[in-house]
Every structure is written in C-alpha cells, then in structure tokens.
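Student: Please take one residue of this model and give me a close look at its surroundings, with the cut-offs behind each term.

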Amino acid sequence: MIEISIDGNTIPAEEGSTILQVARDNKIPIPHLCYHPALKPSGSCKLCGVEVGSPSGKQVVMLSCILKVKEGLVIRTDSPLVAAHREKAFAKLLTLAPESQRIRDLADRFRVPVPPEPNGCIRCRLCVRVCNEIVKARAIKMVKTESGSKVVPGEGKCIGCGTCANLCPTKVMRITDRDNVRTVSIRNEVVSRLPLERCEACGNLYATSDFLAHVAKTTSPHPDTKVVHHLCTACAKMMSDRALTENERIRK
Ligand code: SF4
Ligand code: FES
C-alpha cells in the first residue's frame, strides 16, 4: 500500500492500480464512460481527466483511467483546469452523440455546461422571415433561450398557410393534415391547430379557413369576378385551363 492525495485527502492506494480505480473505491466522483473493470483502459472518452503536477512542475490534466498511483501523487478532481478539460471532452462526445441522455445526465451531475440538444433547426430564420415579410402573419419568432436560439409561436396568429414548412430546409417545421385539422409544428412543439376547408369542386380538404380569410382580406377582388370560389390548386388550374380553351374556341 502507498498513499496519495486526492483533493487534499490522504488516500491509501494499492500499487499498480489506477487513479480512477482508487477514486471509485473511495467514492470520489470522476466522470467516465469508456472505463470497464474487465477491460484494459483505452482513454477514449477523455472524461476522466484529473489535475496532477508534471515532473517539470507544471500542472497538467491526465486521464485517471490510465494514470497509475505513485507514492506522494497529488491529484485534484475539481479544479478550473479539470473543469475546462471536462467541458471540452463532453462537447466532443455530444457532437458525436448529441441526443445521448446518458452523456447529458452525466454532464449535469458534474455541472458541466453543454450545448443544447439539437432539434433539427439550423436557425436559418427562413420560416420567421417569410411569415413576417411575405405572409405578414407574424405567427412565429426566434427567441434567445438559455440553451440557444429557438423558433417559437409569435405575437401574431398562425393562419396555417404552410409556407414556413415548405421553405424549411431541414423539414423540422412541418404541417400535418389529419381529421379536418391542419397542425403546424416545429419538431414536437405545436405552433397551431386549425380547421381545414374543402375545395368547392373536388371536395378535398385543402386550406385552413383562417388562410382563406387572410387571402380575402389582403387581396383585392378582380373587377370581373362576381363570386369568389374556394378551389384547391389542382381544380383552380383545371378551371383556368378550361376557360382558356373556351376563349380560344370563341375567338376561332
Ligand atoms: S424551423 Fe426550419 S426554416 Fe425555421 S429556422 Fe429552423 S431550419 Fe430554418
Ligand atoms: S474513462 Fe474514458 S478516457 Fe478514462
């Protein structure tokens, strides 16, 4: 048996053991993921870094799953140097496995700040810009949160036009039409749920009543139009093709 110091406490340690093994035996918390008692250490995850004095007298971080105990070794598991090392190691692991709850929980336990879990949004703001600048519904906005910027419902009212979903390059913003209702959502977060109207010609559900009302309010009626029909794109095209053919027939 030899003696080492961990965080100012003298700890007896068996020769040949590693710092991580001694820490585990003495319930001293050090984050680790790639260590397994039945396997040789690989030093892959880099989470188990501890601060130790190098022979040159400089304080350095070394991997505790590899570092063997030595008489008089002075270890710190909770120093600014260790904290900076851990933050980098957790960030690297989360770029490889961003949705791993186990890594996130471990980081949380050791109070290591980590990047927010990605939700598929690349913050291009196309959805927000088109909603503000073209549709003018101001139904979504980008806000800064503790875990980064996020698209959330805005001050205006979603009319369920679906323009945001059509423009979203990652398709995380989407529209789902089910049971006469259109749902606009960003991943699992619902922006709006609106009833759908049927096309007057084919009877298919095709647009929300709010969208049709918005179009009626923001466009001026054509002077020749007596009655406004609500038609889906396919039927509107068919009607317009038919009208063109009819006009050509009359001209001949
Ligand atoms: S939801 Fe889609 S369109 Fe909107 S900011 Fe995110 S990636 Fe861009
Ligand atoms: S436990 Fe993974 S590098 Fe030490």
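Tutor: Cys-127 has its place in helix H4, residues 126–135, where helices (H or I, at least four residues) are DSSP runs numbered from the N terminus. This is a predicted model, in which local features need pLDDT of at least 70 and side-chain atom pairs count only at pLDDT 80 or more, while totals for chains, interfaces and linings use all residues. Residues are numbered from 1 along each chain as its sequence is written, and chains are lettered from A and ligands numbered from 1 in the order in which they are written.

Cys-127 counts as buried because it has 26 C-beta neighbours inside 10 Å; a residue is buried if 20 or more other C-beta atoms, placed from the backbone, lie within 10 Å of its own, exposed if 12 or fewer, and partly exposed in between. Leaving aside residues up to four places away in sequence, Cys-127 touches Ile-140, Val-151, Cys-164, Leu-167, Cys-168 and Met-173, contact being C-beta atoms, placed from the backbone, within 7 Å. Glu-155 lies 28 residues from Cys-127 along the chain, and their C-alpha atoms are separated by 15 Å.

Cys-127 is also among the closest of the 15 residues that surround ligand 1, together with Cys-121, Cys-124, Cys-168 and Met-173, and a residue is near a molecule if its C-beta atom, placed from the backbone, lies within 6 Å of it. That shell divides into 12 nonpolar residues, one polar and two charged, where Ala, Val, Leu, Ile, Met, Phe, Trp, Tyr, Cys and Pro count as nonpolar, Asp, Glu, Lys and Arg as charged, and the others, Gly among them, as polar.

Terms used
Helices (H or I, at least four residues) and strands (E, at least two) are DSSP runs, numbered from the N terminus. Two residues are in contact if their C-beta atoms, placed from the backbone, lie within 7 Å.
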